[in-house]
Each structure stands twice: as structure tokens, then as C-alpha cells.
Amino acid sequence: MSTSSIAISQPRTAVFSRVCDYIELTKPRIAVLELVVVLAAGVVATWGQPQPVILLQAMFGTLLVAASASAANQWLERRQDSRMARTADRPLPAGRLSGREAIAFSAICLVAGGLELAWLVNSSAAAWALVTWALYVLAYTPLKTASVINTAVGAVAGALPVLIGWTAVGGELDRRAAALVLMLFLWQFPHFMAIAWLYRRDYAQAGYQMLTVAEPTGRRAGRQATLAALALIPVSIVPLVGAPGLGSLLYFAGAAVLGAGYLLAAALFCQKATDVRARLLLRASLVYLPTLLVMLMLAPWI
């Protein structure tokens, strides 16, 4: 290989690595989940008659706002991240990006996403996106080092993207919207408790006030996970109550089976908190929500 080709490849590699670091700032897995929630809410709000252009615009704006929230969260938590093995290699604690770069990226994404939603979608969707951002960045993030209620506040922030998708298509905020918000809220407790147990030592070292740190036996975490999973079963039925067709019946059956599986995993974790059972609960949470949302979206078409 010639010297010139090496000189060209090195800048390209550096640029690619930098792009990857900015992508990591956005917490892509969380962003993808939010987009699925926005899409599902928009489809359910219109009873299976989606508005593709509006929904795509809403998803793009949501993606920008979510990227901003995640970048701001990582900037605020950069010192705590440096103390935990699983986060020490993130762009900020590892020094690959500066705090100024992260804040600039967050600000640009927030302004661009808010304006895009307000201009191309509607003011309601933009408002809910900004409320979600504020709850996640200004309430949930600082509460993580102050109180165990951070999980509940984070669950509210995680549920509000439902209202971005719902209002984006002009949906009226009815019992179906409320049920979908409550579903997302409840789903997060078993999910969070499993993660909090698996990384309880990291969280303790970083000074995070997770329930599994404050009460290290895992009993309270297990009870919260089980009660939330139990409440999910009736709540998950509400969005399609009164909807005609075979799709609704299939959804009810599928929701009941998924709910029973999620409840079983939570109950096992509650009975005895172990890493094996926490991983089982975490996997159950990652199967439950995407599957349920897909069934919700498909029900009107069956």
C-alpha cells in the first residue's frame, strides 16, 4: 500500500469513528423504541388508517428530540459514566468527544426537532416532544443520584412519546390514548428493575439511587416488577375494547398470553432475585413490548 493511500484512509477512519461517537450519543436503541411507539400510537389513533407522510415527519422530529435528550443525559452523567465499567467507554468519559461538542449537538438536535414537529406536523406533537425532553433531562437525570423515585419519573418520560404520535395524526385524547400511555408506563418497571439488579454494583459505585441499591435484597424491586406486570394485563386490553373484527379478538388473546409470560418472569424474579432471573425478565420485556405494539398495529387489518 502506498503512503498516499495510507494518508487518505486515516482521515476516513477518523471521520467514521467520529460519526460513530455522535451516533452513540443518541442511544440508538432507545431512539428506535421511541420511533416504534410513535408509529404505533399514530396507527392506533386512526383505527388502522395511518397518515404515512405525517407519521414519517413526526418520527423524524421525534428522532431529533430523542437524540438531543440522550446527548444531554450523557453530558450530565459523564462523571458517573466514567465510574461504571459498562459506560466508561462512552464518547464523553473516554474523551473522544468534548462536553462542548455534546452540548452543541444536543442543542442543534433539540431546536431542529422542535421546529420540524411544529412546522411540518403540529404544535401539540411539538409540545409533547418538548415535555418529554424536559422530564428526561431536567427531572429524571438529576433524580438518579437523589432518590429512588427516579424510576417512576423516567417511566413517565418513556411513556409520553405515545402522545407525540397520537396528536401528530390529530387523534383525540381518549381512553385508548390513556391506556396506551399507561401500558408504556407500566412496562418500564419490570424492564428497569431487571437492569437495576444486573448493574446494581455499577450503580452503587456511581452513586445512583436505584431501588436495588437502596434495598439490595431485590425484594422491593421484585414486588414493583410483579405488580406492574400484573396491572399490564387488563390495561393492555383497553386500546381495542369495542373494536370490531377478528383482529381485535386475536389481539386480546395475544395480549393475554404475552402478559402472562411477562408476569411469570416478574414473579420468578420477585420470588428470588438472581442475575439469571433478572436476565430472563429483561428478555421478556424486550419481547413483550415490540410484539404487543406490532399486534396493535396489525389488528385493524385482520
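Modeller: Happy to! Let's begin with a covered pair: Lys144 and Glu77 are both buried, where buried means under 20% relative accessible area, exposed means over 50%, and partly exposed lies in between (1.4 Å probe, protein chains only). Before going on, please note that this is a predicted model, in which local features need pLDDT of at least 70 and side-chain atom pairs count only at pLDDT 80 or more, while totals for chains, interfaces and linings use all residues. Residues are numbered from 1 along each chain as its sequence is written, and side-chain values use heavy atoms, with hydrogens and water left out.

Back to our pair. The side chains of Lys144 and Glu77 form a salt bridge at 2.9 Å, N to O; the term stands for a side-chain nitrogen of Lys or Arg within 4 Å of a carboxyl oxygen of Asp or Glu. Lys144 is in the loop between helix H6 (123-143) and helix H7 (150-159), and Glu77 is in the loop between helix H3 (52-76) and H4, so this contact ties together parts 67 residues apart in sequence. Helices (H or I, at least four residues) and strands (E, at least two) are DSSP runs, numbered from the N terminus.

The structure holds eight salt bridges, and another of them joins the side chains of Asp21 and Arg96 at 2.9 Å, N to O. Here too distant parts of the chain are linked: Asp21 belongs to helix H1 (residues 3-25), Arg96 to the loop between helix H4 (78-82) and helix H5 (99-121), and they are 75 residues apart. Asp21 is buried at 8% relative accessible area, whereas Arg96 counts as partly exposed at 30%. These residues also belong to a network of salt bridges that links Asp21, Glu24, Asp89 and Arg96.

Next come Arg200 and Asp275, whose side chains meet in a salt bridge at 3.2 Å, N to O. Arg200 lies in helix H10 (residues 200-206) and Asp275 in helix H14 (residues 275-298), so parts 75 residues apart in sequence are tied together. Arg200 is buried, with a relative accessible area of 15%, while Asp275 is partly exposed at 27%.

Finally, the cysteines. A disulfide is a covalent bond between the sulfur atoms of two cysteines. The structure holds zero disulfides, taking one to be a pair of cysteine sulfur atoms within 2.5 Å. For Cys20, the nearest cysteine sulfur is that of Cys109, 16 Å away. Cys20 is partly exposed at 33% relative accessible area, and Cys270 is also partly exposed, at 27%.
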